[in-house]
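Hi everyone, thanks for coming. Let me put the model up, and then we can walk through how the chains meet.

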Amino acid sequence: MKFGIVINEGPYQHQASDSAYLFCKAALEKGHEIFRVFFYHDGVNNASRLTEPPQDDRNIVARWSKLAEEHKVDLVVCVAAALRRGIKDENLAPGFRISGLGQLVEAGIQADRLVTFGD
Amino acid sequence: MSDIKKFMFVNRKAPYGTIYALESLEVVLITAAFDQDVSLAFLDDGIYQLRKGQQTKGIETKNFSPTYRALDGYDIEKLYVEKESLEARGLSEDDLLVDVIVLPRAEMGELMDQQDVVLSF
Amino acid sequence: MLHIVNKSPLTNGAFDSCLRVATGGDILLIEDAVYAATSGSAMEDKMREAMKRFTVHVLQPDLEARGMADRLLDGVSSVDYGGFVELVAQSKNCQSWL
């Protein structure tokens, strides 16, 4: 089955990104496909490569980058939401790309299920 | 599988206090361009998004409420308001800035069941 | 339909709204919503009523993280993230009551 994922909250502030990541990991382990993860609202902050969590904490941004690399998961950051919040190509972490809201709608059309994680 | 899916946007949050209502509306407008079957549901404080007479000058924020009136031009005509939420806020259809379909909660729930994609922000 | 709730019912109306509007089906409690599935809270009676209309699931890792695993209400099924995935896959559609 193809899943689309929407994340509306930033890392560390809210559990949304953690829950979404663990959902994606479990889905991939079960042989499902993650069609796309779309980052919207404050969720765009998950794409900042300037993030530096303490050593004893999980690295939420790097975890997403690794998932993208290992499983070819498409991580899309909404351009309008990103520009509002200072996320640009120059501070984008590996594996993420900036694109339009049409990518969210397309995920809704193409995926079998769209699951939203937010506040 | 048909390429047209039923998209419902569920709005449960008030405008201005957070950005969710505005950014939700931006997705709605984009979805219209994809020729999908779009409907909007307003429950709880989401109903306040449709309140007439919003004046945002004093908070130096853009008043995005006129956009709801423009939805018609994008062929988005299905705006549903849950009756119980409306009444709980002491509002009636006359207090809203756009024509809506008022549905009792059970009918709203049934409508949700019929959707392919339910987005809430 | 699978209804996903992530707010504590003791401080936020999302769970109440879900119960008021949703016609039936499955409810999955994640994040702070797991408190809804625990015994002894002011929500317990309402939860027991809800379980007559819905099949209620709780995300076990979220329950454990909050130290409430020993307070899980009878009749609530607990799932891990894999179970969460399967619930979404098995349901015709889903919505998050944010």
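Let me start with a term: a polar contact here is a pair of N or O atoms within 3.5 Å, where within protein one must be able to donate a hydrogen and the other to accept it, and residues adjacent in sequence count only if both atoms are side-chain atoms. A quick word on conventions: this is a predicted model, so local features need pLDDT of at least 70 and side-chain atom pairs count only at pLDDT 80 or more, while totals for chains, interfaces and linings use all residues. Residues are numbered from 1 along each chain as its sequence is written, chains are lettered from A and ligands numbered from 1 in the order in which they are written, and side-chain values use heavy atoms, with hydrogens and water left out.

First, chain C against chain B. Eleven residue pairs, both at pLDDT 80 or more, are in polar contact across this interface. On the chain C side, helix 1 (14–21) and strand 5 (94–97) each supply at least two residues that touch chain B; helices (H or I, at least four residues) and strands (E, at least two) are DSSP runs, numbered from the N terminus. Contact, meaning heavy atoms within 4.5 Å, takes in 14 residues from chain C and 21 residues from chain B. The buried area is about 1400 Å², with carbon and sulfur atoms giving 46% of that; by buried area I mean the accessible area (1.4 Å probe) that two parts lose on being put together, summed over both. C:R20, C:V21 and C:L98 supply 41% of what chain C buries against chain B, more than any other three residues.

How many salt bridges are there between chain C and chain B? The count is two, with a salt bridge being a side-chain nitrogen of Lys or Arg within 4 Å of a carboxyl oxygen of Asp or Glu. C:R20 pairs this way with B:D44, with the closest N and O atoms 3.0 Å apart.

Now over to chain A and chain B. Here 19 residues of chain A and 20 residues of chain B are in contact. The area buried between them is about 1600 Å², and carbon and sulfur atoms give 59% of it. A:H41, A:V105 and A:I109 supply 32% of the area chain A buries against chain B, more than any other three residues. The rule finds three salt bridges across this interface, and B:E23 and A:R84 meet in a salt bridge at 2.6 Å, N to O. From chain A, helix 3 (79–84), helix 4 (102–110) and strand 5 (113–117) each supply at least two residues of the side touching chain B. Helix 4 of chain A gives the largest share, five residues.

Finally, the whole assembly. There are 25 salt bridges over all chains. Within chain A, A:D42 bridges to A:R85, with the closest N and O atoms 2.6 Å apart. A:D42 lies in the loop between strand 2 (33–39) and helix 2 (60–71) and A:R85 in the loop between helix 3 and strand 4 (96–99), so this pair ties together parts of chain A that are 43 residues apart in sequence. That's my tour, and I'm happy to go back to any view.
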